[in-house]
Amino acid sequence: MNRNVILTCAITGAGDTADKHPDLPITPKQIADSAIEASRAGASIVHLHVRDPETGGVSHSSEYFREAVGRIREANVDAVINITAGGGGDLFPEVRDGVIHGLEGTDLQTPAERHAPVGELLPEICTLDCGSLNFGDMVYLNTADWLREHARLVKDAGVKPELECFDLGHVWFARQLIEEGLIEGDPLFQLCLGIPWGAEADTETMLAMRNKLPADAHWSAFGIGRSEMPMVAQSMLLGGHVRVGLEDNLYLSRGVFATNAQLVERAATIAENLGGRVQTPAETRQTLHLRQP
């Protein structure tokens, strides 16, 4: 059991949720404000996506990341910043006249394009999604060679990668990246559970993935929707860290919309009721051996 928990808050994500929550953070200011509130509520790390301020849809704009990160860094709050680098992998394929076409919503970027905001802003952590996946009705595309190239970019930037694993094979490939020297130091894994059609959000799946991690790995796990808080408790009991946030779940209870701060407070209460505590950002930097901001 882990009694000294790192608590990540995933602020907004990139999913089709802008019209499903009345106060989902969309603009860079809203994202930054929500991250600041989550940090003040006790989050150890804030994980950031950005969105198109006009539509609420997916965006990879360095300009929006720059504004959101700048506002957080200028605020009177300590926060470990974790920027997504996993965008630009969405493929909605359709075969027409014997040819594969990308339907509306297809959004593909090269590793260099995915890395651009990270290379400019140099957060303490960025995500590295460790494989492809049938992600609901689309394919999330991330080939082995793309991942190797991306891992090199992250390594050269001096940013710690958070190895996001949506299935057991992703853990296997992450170990391969470590073996090839593309991931340095004690690795940080995020086990992503409950996303159709990846790893299920249950004890057996979490345990199987945990048991395949390197001995020196730090790891965290999350579940989406109503499995969010049960996976907080389960991860802690199995020795891991935890993640919550509006990227993963929109509700505090049935029919009651949540804020990121409220989700952080609830997860922290779970940790405390299990006899643990949440690490401060300063403690998190020491635990994960992060570059000082």
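**Exercise 1. Determine the strand order and the pairing sense of the open four-stranded sheet.**

Solution. The strands of this open sheet follow the order β10-β7-β13-β12, and their pairing is antiparallel. Strands here are DSSP runs of E with at least two residues, helices are runs of H or I with at least four residues, and both are numbered from the N terminus. Two strands count as paired if DSSP finds at least two bridges between them. At the edges lie β10 (107-108) and β12 (133-135), each of which pairs on one side only. Next, β7 (residues 89-91) is joined to β10 by two bridges in the antiparallel sense. Within this pair, G89 is placed opposite L108 of β10.

The structure is a predicted model, in which local features need pLDDT of at least 70 and side-chain atom pairs count only at pLDDT 80 or more, while totals for chains, interfaces and linings use all residues. Residues are numbered from 1 along each chain as its sequence is written, and side-chain values use heavy atoms, with hydrogens and water left out.

**Exercise 2. Describe how helices α4 and α5 pack.**

Solution. Two packed helices are described by the angle between their axes and the distance between the axes. Each axis is a line fitted to C-alpha atoms, for helices over the stretch in contact, and angles run from 0 to 180 degrees between N-to-C directions. For α4 (residues 144-157) and α5 (residues 168-179), the angle is about 50° and the axes are 11 Å apart. The two helices are therefore oblique to each other; this class holds the angles left over after roughly parallel (under 35 degrees), roughly antiparallel (over 145) and roughly perpendicular (65 to 115). Their crossing is right-handed, a term for a near helix turned clockwise from the far one by less than a right angle. In contact (heavy atoms within 4.5 Å) are A144, L147 and R148 of α4 with F173, Q176 and L177 of α5.

**Exercise 3. Characterise the crossing of α1 and α2.**

Solution. The axes of α1 (residues 28-41) and α2 (residues 62-74) come within 8 Å and cross at roughly 35°. This crossing is right-handed. On the α1 side, the residues that meet α2 include P28, I31 and A35; on the α2 side, among them are Y64, A68 and I72.
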